[in-house]
Amino acid sequence: MAQNSAEPVGSVEVPASEHGRGFPPFNTETFVSQLLWLALIFLALYLLMSRIALPRVGSILEARRQRIKDDLAEAQRFKDASDAAIAAHEKALAEARARAQTLANETRAKATAAAEARRKEVDAKLRARITEAEKAIAGTRSAALANVRSIAGEAAAAIVERLTGIAPATEEVGQAVSNAIKR
Amino acid sequence: MDPIHQFEIKNLLPIIRIGGTEIAFTNSALFMLIALALILALMLGATRSRALVPGRLQATAEMVYEFVADTLRSSAGQEGMKFFPLVFSIFVFILVLNVIGIIPYAFTVTSHIIITVAFALLVFLTVVIYGFWRHGLRFLKLFVPSGIPIYILPLVTAIEVMSFFSRPVSHSVRLFANMLAGHITLKVFGGFVVMLGGLGLLGWLGAALPLALTTVLTALELLVALLQAYVFAILTCIYLNDAVHPGH
C-alpha cells in the first residue's frame, strides 16, 4: 500500500522512463553504479576484516585457548604435587610402623633374656640351698647313727653285766654291736 | 502492487556523470553501506573489549569466525586458510544483505544479478589466477582426473573444462534466482492479502489464507537467506580448494 502511494511521489524516477521500464535486475544501465559501489564497499569490508577484525578475533580465541591450556597444566602440576605428598606421607607411615615393630621385637627379646637370666640365678641359689640342706641332713643322720651305736653298746654292756655279773670289755661290746648292725 | 517494483534501483543522490552513465548514490548502495555498518558493529564494535569471557555479541562474532574458519579448513585444508579473509567477507556480506532484504520495504542487494556475478567472478578469477601463479601449468591437471582409462580421457577432460567454466554461472544464478523468486513470491501473496482485504468481510476471511502463507514464506525466506549465504560460501571454499590442491 505504502509503496503504491510512494510510486507517484517517486518522481525522482526520471531515469525510469529512460530505462524503458525493463526487468530491473537486467537493466544494464544500473550495472556500472552497482559495480562501483559494490567494489568500494566490499573492498572497505575486506580491508577492515583482514587487517583489523579477523586478527583481533583470532587473537582473542588464541589467548583463551592458551589460558585454558595453562590453567589445565597448572591444575595438573598441583595434582602431581599432592600425589607426591600423599606418597611421601604413606612412606613415612610405613617406615614408622616398621620401626615400631622392630622396637617391640627388641624389647620383647631383651625382656625374655632378662627373665631367663633371673630364673637361672634363682635356680642356682635354690640348688645351693638344697645341697646345704642335704649336707645338714646327712650330718645329723650320721650323728644320730653314732648315738644309736653308743646307746646300743651301753645297753648291751648293761644287759651282759646283769646276766653274767661281769662287765664286758668296751672293745668287745663295740665289735659285737658293729657286727649286729651290719647284719 | 507490482511485484517487480521492489527490485527497482532508485537514485537517491546524483553524484557524477561519466559519458551516458549516471553514477549515483542508489538504494542498492545505501543497503550495502547499512550491511557494512552492521558487520563492522559486530566484528569491530563487539570485540573492542577483547573480553576473556565474551559477552553475547562478542560470542556471536567469535562463533561466525570459527564457523567460517572450520568450513574453509575442512574443505580447502590449512593451506586454504590464506583465503580466510576473502571467504569470511563474502559470507558475512551476502548473509547480512540477504537477511536485511527480508525486512519489509528494504532493498535486497543480492537480488540483482550483476552483484552475484561480481562475487562469482571474483571467486572464479581468484581461483584461476592463484592456481596458475602457485602451480603454473600443473594447475591444468585439474581438468585431467587421474585413474581414468585413456580412451575416455578426452571426453572426461571436455566435461571437466565445461563444468569448470559453468561454475561462475551456476554460482551466481543460484543466489540471484533464490533471492529474486522468494521476494516475488512474498510480494505476490502479500498483494493478495491487500486486494482481498479491500473486499469487505468476505474478503477478510479470504485474505486469511494468503496472510498465513506469507507468514510461513517469510520464515522460509529467512532460512533461504541464511542457507544461500552458506551455500555461496561453501562453494567458494570448494572452488578455492581446486586452486590450492589441483591434483585430483
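This is a predicted model: local features need pLDDT of at least 70, side-chain atom pairs count only at pLDDT 80 or more; totals for chains, interfaces and linings use all residues.
Reader: How much area do chain B and chain A bury between them?

Author: The size of an interface is often given as the accessible area lost when the parts come together. For chain B and chain A, 74% of the area buried is on carbon and sulfur atoms. The total that the two chains bury between them is about 4,500 Å².

Reader: Which residue of chain B forms a salt bridge with Arg64(A)?

Author: The rule finds two salt bridges across the interface of chain B and chain A, and eight residue pairs in polar contact, both residues being at pLDDT 80 or more. In the salt bridge formed by Arg64(A), the closest N and O atoms are 2.9 Å apart. The partner of Arg64(A) is Glu62(B).

Reader: Which element gives the most to the nonpolar patch on chain B?

Author: The patch lies on the surface, has about 590 Å² of accessible area together, and includes Leu12(B), Ile16(B) and Leu38(B). Strand S1 (11-18) and helix H1 (27-45) of chain B each supply at least two of its residues. With four residues, the element that gives the most is S1(B).

Reader: Is Ile15(B) buried, partly exposed or exposed?

Author: Ile15(B) lies in strand S1 of chain B and is one of the residues of the nonpolar patch. Buried means under 20% relative accessible area and exposed means over 50%. Because its relative accessibility is 49%, Ile15(B) counts as partly exposed.

Reader: How far apart in space are Thr60(B) and Phe83(B), C-alpha to C-alpha?

Author: Thr60(B) is placed in helix H2 (residues 56-76) of chain B, and with a relative accessible area of 30% it is partly exposed. Along the sequence, Thr60(B) and Phe83(B) are 23 residues apart. In space, their C-alpha to C-alpha distance is 21 Å.

Reader: What pattern does chain A follow along the sequence?

Author: The secondary structure of chain A comes to four helices and zero strands. Read along the sequence, the pattern of chain A is α-α-α-α.

Key
Residues are numbered from 1 along each chain as its sequence is written. Chains are lettered from A and ligands numbered from 1 in the order in which they are written. Side-chain values use heavy atoms; hydrogens and water are left out. Patches are made of residues with over 30% relative accessible area and no salt bridge: like charges are joined within 9 Å, nonpolar side chains (Val, Leu, Ile, Met, Phe, Trp, Tyr) within 5 Å. Accessible areas come from the Shrake-Rupley method with a 1.4 Å probe; for residues, only the protein chains shown count as cover. A salt bridge is a side-chain nitrogen of Lys or Arg within 4 Å of a carboxyl oxygen of Asp or Glu. Buried means under 20% relative accessible area, exposed over 50%, partly exposed in between (1.4 Å probe, protein chains only). Buried area is the accessible area (1.4 Å probe) that two parts lose on being put together, summed over both. A polar contact is a pair of N or O atoms within 3.5 Å; within protein, one must be able to donate a hydrogen and the other to accept it, and residues adjacent in sequence count only if both atoms are side-chain atoms.
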